[in-house]
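Q: I would like to learn how to read a structure feature by feature. Could you walk me through it, giving the general idea and then the case at hand?

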Amino acid sequence: MAQPNVSFTIGDGNLGQIGQSLDGVALLIVNGVSVAGKFALGDVIGPLYTPSDAASKGIDAAYDTTNSTEAFETIKNFYAEAGEGSELYVMVVSNTVTLAQMLDKTGNFAPKALQQLQGRIRLIGVKRNPAGGYTPTITNGLDADVHAAVTKSQELADAQLLVYAPIHTFIDGRSFSGTPGDLLDYRATGTSRSASIVLGTSKSSAGSSVGLVLGRAAKISVNRNIGRVKDGPVNSTYAGLTNAGAITTFTKTQLDVIHDKGYIFFNSMIGKTGFYINDDNNCMASTSDFNSVSASRAIDKAIRVSYNILSNELKDDVEVDPATGQLPVAVTKYYESVINAGLDQMVAAQELSAGKSTVPVAQNLNQSKQLTATIRLVKRGTVKTIVVPINFALTL
């Protein structure tokens with residue numbers, strides 16, 4: 001028999017904070033080389049709080065140039081969005097390590113960092129800079145490694161959910177073919193709610209600007225869309241896709257296709273300066289309740305909050321109604337109140353519209369040793385489209 005514990009089952013298809021927030025704590029995995037006396041490949045570097053902290057470890061602009069990588073650039077992009085003081089951990093791995101290998105739950109990269117940091121990480125970004133001469137195998141419009149990484153990312157997220165430490169990963173959408181029709185339609189068949197592919201780049205490059213998106217996610221509340229216009233444009237004067245083409249070389253129709261298939265990129269808005277994230281897309285079918293980064297992050301936080309509360313109740317003895325062998329109403333109301341207290345904090349922080357738990361009386365702990373509770377959440381809405389009829393009138 002397993003140790004006493006708390007388990008959660010996420011229900012889909014039902015839509016027709018405690019202490020200092022750690023919601024933005026992030027891990028970045030990127031290709032590069034070791035620095036003698038500073039770090040070895042595969043080390044967990046951090047916590048970092050500024051780009052200067054990375055430079056003190058030997059990862060600076062010269063490091064990128066010398067080693068043909070974008071490690072420091074990605075870190076700098078992270079802080080351009082998240083702001084200095086944000087907590088970031090970095091792992092540098094050999095340039096032969098693929099995106100899928102970085103995220104493999106049986107590997108020694110992301111799992112090592114997650115284990116070492118004991119549930120502290122909420123967000124992961126993976127950025128690939130392969131060795132010179134690398135030729136990608138293009139499958140469904142991208143380096144095949146990208147789609148493989150999506151699968152590995154969700155497997156890793158599922159494993160993290162079992163230890164009550166859910167994560168969301170932003171994946172470098174490398175080597176876009178340039179043809180939107182080639183791309184895999186994650187909105188039709190996607191099953192990876194905890195993975196997002198970043199196709200947008202802040203320079204002409206085959207690799208995406210994962211750092212900007214990771215940083216934006218790190219600085220906002222879990223329920224907020226990473227593309228929220230009120231949060232402003234991303235910190236970049238250029239926007240393109242990973243076919244090394246500028247965003248202006250694509251028509252609105254082409255960009256709509258990319259968006260509708262579930263990818264993240266940067267685009268301009270009429271009347272506004274700069275470039276904005278198109279939406280908080282993840283690799284999940286559009287019919288799912290969890291078809292956005294914000295929905296997934298909100299329920300992930302609810303799980304963390306509820307686990308922190310309920311784990312205190314494990315192995316406790318409780319009163320049983322001697323006439324029925326079941327739970328007295330007072331006991332069920334106690335459990336509901338402690339769960340609701342955590343959910344109420346998320347509501348007060350405007351991370352949920354509402355949250356409520358239900359603990360039924362009809363439970364016999366002396367037989368099952370298992371307490372059953374149901375948690376229902378009402379997520380905050382997101383304005384995706386505004387429809388405004390406008391016309392002339394003779395009078396008002």
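A: Gladly. Helices (H or I, at least four residues) and strands (E, at least two) are DSSP runs, numbered from the N terminus. With that naming, Asp-231 lies in the loop between H8 and E11. This is a predicted model, in which local features need pLDDT of at least 70 and side-chain atom pairs count only at pLDDT 80 or more, while totals for chains, interfaces and linings use all residues. Residues are numbered from 1 along each chain as its sequence is written, and side-chain values use heavy atoms, with hydrogens and water left out.

Q: Is Asp-231 buried or exposed?
A: Buried means under 20% relative accessible area, exposed over 50%, and partly exposed in between (1.4 Å probe, protein chains only). Asp-231 has a relative accessibility of 19%, so the residue counts as buried.

Q: Which side chains make polar contacts with the side chain of Asp-231?
A: A polar contact is a pair of N or O atoms within 3.5 Å; within protein, one must be able to donate a hydrogen and the other to accept it, and residues adjacent in sequence count only if both atoms are side-chain atoms. For Asp-231 the partners include Arg-224 at 3.2 Å and Arg-228 at 2.9 Å. Contact in the wider sense means heavy atoms within 4.5 Å. Leaving aside neighbours within four places in sequence, Asp-231 is in contact with Arg-216, Lys-219, Ile-220, Arg-224 and Asn-225.

Q: Where is Glu-87, and which residues does its side chain meet in polar contacts?
A: Glu-87 sits in the loop between helix H3 (71-82) and strand E3 (88-93). Its relative accessible area is 11%, so Glu-87 is buried. The Glu-87 side chain makes polar contacts with the side chains of Tyr-89 at 2.6 Å and Arg-120 at 2.5 Å. Beyond four places in sequence, the contacts of Glu-87 include Gly-24, Pro-47 and Tyr-49.

Q: How many residues of H3 are buried, and what span should the helix have?
A: An α-helix has 3.6 residues a turn, so residues three or four places apart point the same way. The expected span is 1.5 Å times one less than the number of residues. The 12 residues of H3 should therefore span 16 Å, and the end C-alpha atoms are 16 Å apart, which agrees. H3 is mostly covered, with 9 of its 12 residues buried; among them are Phe-72, Ile-75 and Tyr-79. Just after H3, Gly-83 takes a positive phi of about 90°.

Q: At what angle do H3 and H8 pack?
A: Two packed helices are described by the angle between their axes and the distance between the axes. Axes are lines fitted to C-alpha atoms, for helices over the stretch in contact, and angles run from 0 to 180 degrees between N-to-C directions. H3 and H8 (residues 210-219) pack at about 35°, with their axes 7 Å apart. On the H3 side, Thr-74, Phe-78 and Glu-81 are among the residues that meet H8, where the partners include Leu-212, Gly-215 and Lys-219.

Q: What is the order of strands in the open sheet of 3 strands?
A: Strands of a sheet pair through backbone hydrogen bonds, either parallel or antiparallel. Two strands pair if DSSP finds at least two bridges between them. Here the order is E10-E11-E12, with antiparallel pairing. E10 (200-201) and E12 (245-246) stand at the edges with a single partner strand each, so one side of each is left without a neighbour in the sheet. E11 (residues 240-241) is joined to E12 by 2 bridges, and Leu-241 has Gly-245 as its bridge partner in E12.
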